Amino acid sequence: MGEKIGYASGDLASNLIYQTISIYLLFFYTNIYGLSAGAAGTMFLVVRIIDAISDPIVGTLVDKTNTRFGRFRPYLLYGAIPFAGLALLCFTTPDFSENGKLIYAYITYTGLSVIYTFINVPYGALTPAITNNNTEIVSMTSVRMIFANLGGVIVAYFVPFLSEYFGEITNPSRGWQLTMGTIGIVGALLLLFCFFSTKERIKPVNEEKISFTDLFEQFKKNRPLVILSIFFVLIFGVNSISNSIGIYYVTYNMDRTDLVKWYTVLGSIPAFLCIPLIPILNKKIGKKALLNYSLLLSILGTFSLLLIPPNMVALILISRIVTALGTLTAGAFMWALIPETIEYGEYVTGKRLSGLIYAIIGFFFKCGMALGGAVPGLVLAQFGYTANQIQTPAALLGILITTSVIPAIILLLALININFYKLDDKKLAEITDTLKKRASLKTKGGY
């Protein structure tokens with residue numbers, strides 16, 4: 001358990017920074033820094049195109065790494081401080097021209113995204129390097145997800161509090177900078193703690209030459225990976241959209257800025273109820289039923305906001321909890337499926353490409369993150385949103401659609417997609433047994 005907590009602290013660190021970016025960066029860009037919603041939304045998409053290049057390159061590099069610290073852990077050690085520093089720069093407001101501000105935002109946000117790749121890909125790939133026991137993987141992933149959502153709770157409550165506190169002492173822009181600086185320092189220290197608390201035990205038996213082209217072979221032969229990649233972009237997309245638009249919905253549609261932190265917190269707190277139950281539910285009803293019920297619950301919760309009047313605060317907060325129970329369960333469990341796709345990929349290709357597969361997953365979940373800025377930004381621009389003013393009925397409608405209808409549609413697509421995932425426990429056991437036999441033969445020189 002000590003090592004599980006140490007490992008989970010890495011996701012706590014990433015989420016302290018990632019959740020701040022995911023929830024508040026669009027609002028910071030439009031309402032503090034002065035970028036237009038359309039320009040900010042477009043930027044979120046462009047940065048993901050850059051990620052399309054950087055993620056598989058980083059994954060290939062990780063799989064070729066061999067140091068005295070291991071294959072994956074060194075990236076946590078050397079990436080912690082740059083990660084925190086670039087997050088701070090994203091929430092810094094230099095006095096540039098309008099075009100200068102946009103260029104600065106592109107550079108800092110792109111830099112943060114690339115550094116995040118250098119941390120998140122090896123961090124994720126560290127899971128099957130710690131253990132290949134599927135029960136332990138589910139347990140370790142559950143602890144990890146609890147810590148990840150703890151990061152979400154901390155960000156949801158303390159970021160508005162700290163930004164307001166520091167803002168009153170100095171000014172709003174400086175308040176956000178000091179807030180991100182505080183979070184960045186804590187995040188860097190947690191990444192270092194993760195590095196020192198974990199061990200890499202599972203070494204790849206095969207040492208075949210790894211190249212960028214292995215990416216295409218995985219997509220050609222590893223069907224579970226393709227299905228899971230699509231699922232990641234949809235789930236992270238709906239979470240990011242809901243988180244990004246939530247501050248607009250509460251501020252303008254509900255006209256209750258005092259509820260922003262509570263609305264946001266309720267998107268994470270249910271994790272402490274549902275995630276500890278995941279191993280039990282997985283054993284009792286199976287992975288497919290667990291994911292289906294979770295997604296249906298989320299669809300019910302998010303679509304209900306279309307029908308609930310904005311002055312019915314209690315019902316809105318209940319809807320938020322119902323949605324979170326579903327998305328948090330599905331979102332936590334899907335991480336436990338990645339080691340399955342690594343096993344399957346080795347089974348069909350002969351290569352164990354943990355880093356590359358986590359890079360592929362990383363690219364798709366960052367595409368989902370991009371939707372959190374791009375979709376709300378572009379929709380708000382289309383419906384005539386103007387920052388720091390009373391919104392028109394059209395703008396309020398745009399916010400409502402982005403809060404309810406768009407997430408419900410994405411969740412429905414996720415529900416359809418995950419039912420094409422056919423890698424059940426029986427098949428996985430056969431694959432694991434085959435891989436063990438192959439490793440034994442190779443060790444004896446017969447494979």
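Q: Let's start with Arg 144: buried or exposed?
A: Arg 144 is buried, because its relative accessibility is 2% (buried is under 20% relative accessible area, exposed over 50%, and partly exposed lies in between, using a 1.4 Å probe and protein chains only). Keep in mind that this is a predicted model, where local features need pLDDT of at least 70 and side-chain atom pairs count only at pLDDT 80 or more, while totals for chains, interfaces and linings use all residues. Residues are numbered from 1 along each chain as its sequence is written, and side-chain values use heavy atoms, with hydrogens and water left out.

Q: Which residue does Arg 144 form a salt bridge with?
A: Arg 144 pairs with Asp 11, and their closest N and O atoms are 2.7 Å apart (a salt bridge is a side-chain nitrogen of Lys or Arg within 4 Å of a carboxyl oxygen of Asp or Glu). Arg 144 sits in helix 6 and Asp 11 in helix 1, so this pair ties together parts 133 residues apart in sequence (helices, H or I with at least four residues, and strands, E with at least two, are DSSP runs numbered from the N terminus). Asp 11 is buried too, at 5% relative accessibility.

Q: How many salt bridges does the rule give?
A: The count comes to 7. One of them joins Lys 4 and Glu 136, with 3.3 Å between the closest N and O atoms. That pair also links distant parts of the chain: Lys 4 is in helix 1 (residues 2-33) and Glu 136 in helix 6 (residues 134-169), 132 residues apart. Lys 4 is buried, with a relative accessible area of 14%, whereas Glu 136 is partly exposed at 35%.

Q: What separates Lys 221 and Glu 217?
A: About one helical turn, because they are 4 residues apart in helix 8 (residues 214-221). Lys 221 forms a salt bridge with Glu 217, with the closest N and O atoms 3.3 Å apart. Both ends are partly exposed: Lys 221 has 37% relative accessibility, and Glu 217 has 25%.

Q: Okay, on to empty space. What shows where it is left?
A: You roll a probe the size of a water molecule over the atoms. On a 1 Å grid over the protein atoms alone, a cavity is a set of points where a 1.4 Å probe fits but cannot get out, and a pocket is an open set with protein on both sides within 12 Å along at least five of seven lines; lining residues have an atom within 4 Å of a point. Points are joined across faces, edges and corners, and a volume is the space filled by probe spheres set on them. Here, the largest pocket has a volume of about 540 Å³. It is lined by 19 residues, and Phe 27, Pro 160, Ser 163, Glu 164 and Trp 176 are the closest to its centre.

Q: Which helix supplies the largest share of that pocket's lining?
A: Helix 6 does, with 6 residues. Helix 1, helix 6, helix 7 (172-197), helix 9 (223-253) and helix 10 (260-265) each supply at least two residues. By class, the pocket lining has 10 nonpolar, 6 polar and 3 charged residues (Ala, Val, Leu, Ile, Met, Phe, Trp, Tyr, Cys and Pro count as nonpolar, Asp, Glu, Lys and Arg as charged, and the others, Gly among them, as polar).

Q: How many cavities of 30 Å³ or more does a search of the whole structure find?
A: The search finds 6. The largest cavity holds about 470 Å³ of space. Its lining has 30 residues, with Gln 19, Asn 149, Phe 236, Asn 239 and Leu 328 the closest to the centre. Helix 1, helix 4 (98-125), helix 6, helix 9 and helix 14 (313-349) each give two or more residues to this lining, and helix 14 has the largest share, 9 residues. The lining of the largest cavity divides into 14 nonpolar, 13 polar and 3 charged residues.

Q: What volume does the second largest cavity have?
A: About 80 Å³. Its lining residues include Ile 17, Tyr 18, Arg 48, Phe 83 and Lys 366. Helix 4 gives the most to this lining, with 4 residues, and helix 1, helix 4 and helix 15 (354-382) each supply at least two.

Q: What about the loops: where does Asp 255 lie?
A: Asp 255 is in the loop between helix 9 and helix 10. Its phi is near 55°, a positive value in a residue other than glycine. Asp 255 is exposed, at 60% relative accessibility. Pro 270, in the loop between helix 10 and helix 11 (271-274), is buried at 6%. Pro 270 and Val 322 are 52 residues apart in sequence and 8.7 Å apart in space, C-alpha to C-alpha.
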